[in-house]
Each structure stands twice: as C-alpha cells, then as structure tokens.
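Welcome! Here is a short tour for anyone meeting this structure for the first time. Take a look, then read on.

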Amino acid sequence: MKPNTVLRHALWTIGPDPDRDPPTMHTACRECGEKSPAGTDRATSDLWALEHSGRTGHRRYHECVSVDLITRPAREETA
C-alpha cells in the first residue's frame with residue numbers, strides 16, 4: 001500500500017442469489033458411496049435414502065446441498 005491509501009470498513013452481506021436457480025441437493029450413502037439424483041425437492045432425496053436403506057440395510061447418509069450465493073454491501077438496495 002502507498003502511504004496515502006485510505007481504507008474504510010464496510011459491512012457486507014452474503015445470501016442466496018435470487019437471479020440463479022434454486023438450491024439443488026442429493027443424498028449420498030456413507031457406506032457405499034451411491035448417490036441419489038440431484039434435484040430441488042428434499043422429499044425426493046429423503047425417499048431415495050429410505051429406499052436405499054430398505055434395499056441395502058445401509059443407515060448413514062450425507063446430504064449435499066449446493067446454493068449459488070451473492071455478496072453485496074449491506075446498504076445496497078435489493079431488487
């Protein structure tokens with residue numbers, strides 16, 4: 001930085017990007033690695049895990065959610 005550089009503190013926020021697709025998710029079996037299809041409906045992902053448990057006896061899962069985020073200054077107006 002140069003001696004005449006001015007720094008200022010600014011508050012920023014982060015959250016879901018309203019201009020992007022809704023969050024997607026899938027469930028992955030922690031025992032065999034098999035994954036449910038990705039989608040936007042949690043019930044579909046949960047149902048896949050229940051059916052997988054019934055077929056395999058596997059009981060441990062990992063829920064993976066992907067959300068597009070956006071940062072903006074805290075005082076910026078949202079559309």
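Let's start with Cys-29, which has its place in strand β2 (residues 24-29). Please keep in mind that this is a predicted model.

**Around Cys-29**
- Cys-29 is buried, because its relative accessible area is 3%, under the 20% cut-off.
- Leaving aside residues up to four places away in sequence, Cys-29 touches Glu-34, Trp-48, His-52, His-58, Arg-60 and Tyr-61.
- Cys-29 and His-52 are 23 residues apart along the chain, and their C-alpha atoms are separated by 8.3 Å.

**The aromatic pair**
- A search of the whole structure turns up one aromatic pair.
- The ring centres of Trp-48 and Tyr-61 are 6.1 Å apart and the planes stand at 85°, so this pair is edge-to-face.
- The pair links distant parts of the chain, with Trp-48 in helix α1 (residues 42-56) and Tyr-61 in strand β3 (residues 61-66).
- Trp-48 is buried at 11% relative accessible area, whereas Tyr-61 is partly exposed at 21%.

**Salt bridges**
- The count comes to four salt bridges.
- One of them joins the side chains of Arg-20 and Asp-68 (3.4 Å, N to O), linking parts of the chain 48 residues apart.
- Asp-46 and Arg-42 also meet in a salt bridge (3.8 Å, N to O); both lie in helix α1, four residues apart.
- Glu-63 forms a salt bridge with Arg-42, with the closest N and O atoms 3.1 Å apart.
- Glu-63 lies in strand β3 and Arg-42 in helix α1, so this pair ties together parts 21 residues apart in sequence.

Key:
Residues are numbered from 1 along each chain as its sequence is written. This is a predicted model: local features need pLDDT of at least 70, side-chain atom pairs count only at pLDDT 80 or more; totals for chains, interfaces and linings use all residues. Side-chain values use heavy atoms; hydrogens and water are left out. Helices (H or I, at least four residues) and strands (E, at least two) are DSSP runs, numbered from the N terminus. Buried means under 20% relative accessible area, exposed over 50%, partly exposed in between (1.4 Å probe, protein chains only). Contact means heavy atoms within 4.5 Å. Rings of Phe, Tyr and Trp (its six-membered ring) pair if their centres lie within 6.5 Å; planes under 30 degrees apart count as stacked, over 60 as edge-to-face and the rest as tilted.
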